Amino acid sequence: MRNVSNIYKEIVPYPGREWHYKAIVTLKDGTVYNLGDTDIVQNGIEVDAQVSTTDGFRYGGILANSMNLTINNYDGRYSQVCFDEATAVVYVGLVVEQNWEKGNVIEWVCLGTYVVEKSNIRGLTMRLETYDQTFAFDKKYSLSSLRYPATLREILEDACNCCGVVLATRDFTNADYVVDERPSDEDISFRRVLEFLAPLTANFVTFDETGKLMLKWYDTESEPCADVETPADMWSFDVVLTGIKAKNQLTDEEFMVGEEGYVIDLTDNILCQNNTQELLNVLGEKTIGFTFRPFASEIHSNPALESGDPVTVYDRQGNGYRSYAMVYHYRMGNPVSIGAFSKSVAWNKSYQQTSTSVAVNSSKRETDKKIDIYDTYAKQFAAMAAATVGYYVTTETLEDGSVITYSHDKPLLSESKNIWKRNGLVVAVSNDGGKTWRGFDKDGNAILNDIAAKTIIADKIVSGRMQTADGRFYIDLDKGESTATLLMGKSIQEGSEIEAMVGQVKGSASFYDGLVLRKDGKTRAAINITDGLFPSGLYIMVEDGTMGQIKFTNQKIDILPGGGSSTPGEKTIELHGEVIQRTTKISGDLTVAGDLKVQGLNKQRVVDTSIGKVGINAYETAEPYFGDIGEAQTDENGQVRIEIEPLFAETVNTSYPYQVFLQPYCDGNFYVSERAENYFIVSGTPNGVFGYEIKAKQKGNENARLQKSDC
């Protein structure tokens, strides 16, 4: 439930309450419209929020919330205004006190921060259709340059950075769970990735009133936020989560925790890739046994309710059952519609929790544009600064006459959630009612969360890990690890200038215990030497642009060639000693610029079958032939002319004798009566069907036969 005072909670269930409304709409160009009661039409605020669906219980995931704002346009003042991608922050206020001195005391509740998807004129009104930050994630995941393996925390942080959403939750269940391989679907979106991520954290994705992303689970401990009396639709029994099952996407091995009944199915979750049983154990400890009573009802208007809030549902006998406002619909001046929905246990046995459908979204939000995270923070800060939302002040006078000042968001300090505190030692802020504090002390020290800045100048930075937004480059002071593209530093070795030397010389200037160097401004190399016979790795780029990389381990040698102008055979790497290579696996395409010589017994194409993968052997001949296969039919005279396919003809030399093999598919006989460079003629049984195969010598290699090999 949104943070409200006790007096608000006491009077909101009763009829005859007085409500007020306002909205702050900030256009894309920075223009701000402050709208009040007279600007917003009757029933002109409508909010749909959900953390589950009306089709059944949703375990985790990210669901879009929407808000429609209808404003007066009787004089046409908004007819020429472009509201596209404007930000709308909407408030509903309840009069909690009336007196002669203060007048009406209004407690304002923020319904959230939304982005205008489209606007349209309806008679004398302007209707703004808005959505929360969910649609910011409708960008292709190819925009991300995050390197895998990556933790769920890193995946979430990267998604927010790429899509321009501020992240409020950095510590969550399974945050350090490692995903080995990046999602392979080229068309997958960030939103889809979050749909897979959230269930593995036992959370749903939501947004706070300022538009920051949060991961939350249902509050199973706090007192219910509302009472639902005899709803029109209510089940006679509770739904209880009994188990969770998942599949390791890399090994296809399935696991389960809990027992049969209402089982959450995560077997299609593409981020579940290792330590599956351990992952499920953590999820099960948090969510197995979660209980709710399915229902649908209306209650007195209360805009402070949020989707996911706990409620008590009462049957006609007065028995109360705990449930949650999983789906929530608010319309100003009307009752609030809430509900929790589920399918039967029998249906759930075939239930797949991960939705395979994603809403059709605006093309503006599908653009592959990475958003500067600083601009995101700055835009959100500017919106909050423009908000016409005040605060309350409480002062505490000490015995010496000095004052401690508190600024807070509710009339009573004890009921406030956001509190600023100023005394002689600190300026601090708390977002949890004073349990924890952040801010600055008198000596200039600071305890903060995120810092968004264009430039940070400091004498000393103490950090466990500093990294770029995509995680590709980092310095980890705790582990002693770092990555870099260029390390600046110079030394002289044997008369040559070496930049960025790292490690120590071993025996001569030619071998280093791990280094990145640039010699004479021409040759760059990285060499790692182990205590064994061979270096553990070598990367080199010489003056003409030729480059390559070789990695040596106990099990394999990875050779990663690069581009260059060298002729095959000009540059070689000699390994002095016998290298026994049992298996080499190349993940991806292999292009060989030269001859490919295979010394093994088999040359196979691997295909999937009902018994698993099998190898299909290649057909090889003593001379280099290319082949083509087809089918034809003779005419009434028993002849047919078959043209040699022009593109195939470009690869072979048909001026040399080529061979044609025929196979009848009828009761008849056929033979090749003519062979030409561009065609051949088959004669035989009239109207007869047959198959043919042509084999011709490779162009440019016509005289090769059983060549001696040096491998």
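The paragraphs below go through this predicted model from its overall make-up to single residues.

Because the model is predicted, local features are reported only at pLDDT of at least 70 and side-chain atom pairs only at pLDDT 80 or more, while totals for chains, interfaces and linings use all residues. Residues are numbered from 1 along each chain as its sequence is written, and side-chain values use heavy atoms, with hydrogens and water left out.

The protein contains 7 helices and 50 strands; these are DSSP runs numbered from the N terminus, with helices being H or I of at least four residues and strands E of at least two. Of its 711 residues, 40% are buried, where buried means under 20% relative accessible area, exposed means over 50% and partly exposed lies in between, with a 1.4 Å probe and protein chains only. The accessible surface is about 40,900 Å², and carbon and sulfur atoms hold 48% of that area. Such areas come from the Shrake-Rupley method with a 1.4 Å probe, and for residues only the protein chains shown count as cover. Among contacts (heavy atoms within 4.5 Å) with a separation of 6 or more, 59% join residues 24 or more positions apart.

Strand β20 (residues 295–299) shows how strands are arranged here. In a regular strand the side chains alternate between the two faces of the sheet. In β20, Phe295, Ser297 and Ile299 make up the covered face, and Ala296 and Glu298 the uncovered one. Two strands count as paired if DSSP finds at least two bridges between them. β20 pairs with strand β14 (residues 233–234) in the antiparallel sense over 2 bridges, and with strand β24 (residues 336–340), also antiparallel, over 5 bridges. Phenylalanine 295 takes part in both pairings: methionine 234 is bridged to phenylalanine 295, and the partner of phenylalanine 295 in β24 is alanine 340.

Another part of the fold is an open sheet of 3 strands in the order β4-β11-β12, with mixed pairing. β4 (61–62) and β12 (213–216) are the edge strands, each with a single partner, so one side of each has no neighbour in the sheet. β4 runs parallel to strand β11 (residues 204–207), joined by 2 bridges, and glycine 61 has phenylalanine 204 as its bridge partner in β11.

The structure holds 20 salt bridges, a salt bridge being a side-chain nitrogen of Lys or Arg within 4 Å of a carboxyl oxygen of Asp or Glu. One of them joins aspartate 138 to arginine 191, with the closest N and O atoms 3.4 Å apart. Aspartate 138 sits in the loop between β8 and β9 and arginine 191 in helix α3 (residues 190–200), so the pair ties together parts that are 53 residues apart in sequence. Both aspartate 138 and arginine 191 are buried. The loop between β8 (125–131) and β9 (150–151) also carries lysine 140, which is partly exposed at a relative accessible area of 37%. The C-alpha atoms of lysine 140 and arginine 192 are 9.3 Å apart, although 52 residues separate the two in sequence. Arg192 itself belongs to a salt-bridge network with Arg58 and Glu195.

Lysine 613 and aspartate 608 meet at 2.8 Å, N to O, and both residues are exposed. Lysine 695 and glutamate 693 have their closest N and O atoms 3.9 Å apart; lysine 695 is buried at 16%, whereas glutamate 693 is partly exposed at 27% relative accessibility.

Glutamine 273 lies in the loop between β18 (263–266) and α4 (276–287). At 6% relative accessibility, glutamine 273 counts as buried. Beyond its neighbours within four places in sequence, glutamine 273 touches residues including Tyr177, Val179, Asn248 and Leu250.

Methionine 466 belongs to strand β31 (residues 465–467) and is partly exposed at 33% relative accessibility.
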